[in-house]
Amino acid sequence: MAASSNKLLIAGGVLSGMAALAHLACLVVGAPLFRLLGAGEQIAQLHAAGHWYPTVMTLGIAAVLAIWAAYALSAGGVIRHLPLRRTVLSAITAIYIVRGVAFVPVMAYFPGNSITFWVVSSSICLAIGLVHLVGLRQSWGRLGRLAA
């Protein structure tokens, strides 16, 4: 690991990567995993019926989470420098934290999701956001410099 590595950003990248894999696992396992993870009965039924929407939605979420993982791993010193790391990681961190704390108003737009889904997923998002926040704060100055 490079001398300029940041363990918290690496952990954040791993956590985002695990979240992406969990979403992809829903596509492999199917409706039972959609239900277990609290995506809602409607999504589970649509997936079981072969509807395109749950697959496209899940692939989109997994892709975003994979990109977020790559940015955290880049800032953590594991992979090559990606452009605008500090700006992108600031946005990622904010999204995770807002998703973690502001889930109550968002619940109305997704009535099929269980309360368990909202509490668990929001807690996970808040935790990942805080890991990113501390890691980003530790590496703020370094991330603002251009790659050598």
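How are H5 and H7 oriented to each other, roughly parallel or roughly antiparallel? Let's start with that pair. The axes of helix H5 (residues 85–101) and helix H7 (residues 115–144) cross at roughly 155° and come within 7 Å. H5 and H7 are therefore roughly antiparallel to each other; the cut-offs are under 35 degrees for roughly parallel, over 145 for roughly antiparallel and 65 to 115 for roughly perpendicular, with the rest oblique. Those axes are lines fitted to C-alpha atoms, for helices over the stretch in contact, and the angles run from 0 to 180 degrees between N-to-C directions. H5 passes H7 in a left-handed crossing, that is, the near helix is turned anticlockwise from the far one by less than a right angle. By class, 15 nonpolar, eight polar and four charged residues take part in the contact of H5 with H7. Here Ala, Val, Leu, Ile, Met, Phe, Trp, Tyr, Cys and Pro count as nonpolar, Asp, Glu, Lys and Arg as charged, and the others, Gly among them, as polar.

A word on the model itself. It is a predicted one, where local features need pLDDT of at least 70 and side-chain atom pairs count only at pLDDT 80 or more, while totals for chains, interfaces and linings use all residues. Residues are numbered from 1 along each chain as its sequence is written, and side-chain values use heavy atoms, leaving out hydrogens and water.

Now step back to the whole chain. It has seven helices and zero strands, taken as DSSP runs numbered from the N terminus (H or I, at least four residues, for helices; E, at least two, for strands). The C-alpha atoms fill a box of roughly 50 × 30 × 20 Å along the principal axes. Of the 148 residues, 35% count as buried, meaning under 20% relative accessible area with a 1.4 Å probe, protein chains only (exposed is over 50%, partly exposed in between). Among contacts (heavy atoms within 4.5 Å) with a separation of 6 or more, 65% join residues 24 or more positions apart.

Next, look at H3 and H4. The axes of helix H3 (residues 41–48) and helix H4 (residues 52–75) come within 7 Å and cross at roughly 110°, which makes H3 roughly perpendicular to H4. H3 brings Ile43, Leu46 and His47 to the contact, and H4 brings Tyr53, Pro54, Thr55 and Met57. Five of these residues are nonpolar, two polar and none charged.

Finally, find Leu84 in the loop between H4 and H5. Its phi is near 55°, a positive value in a residue other than glycine. Leu84 is exposed, with a relative accessible area of 61%.
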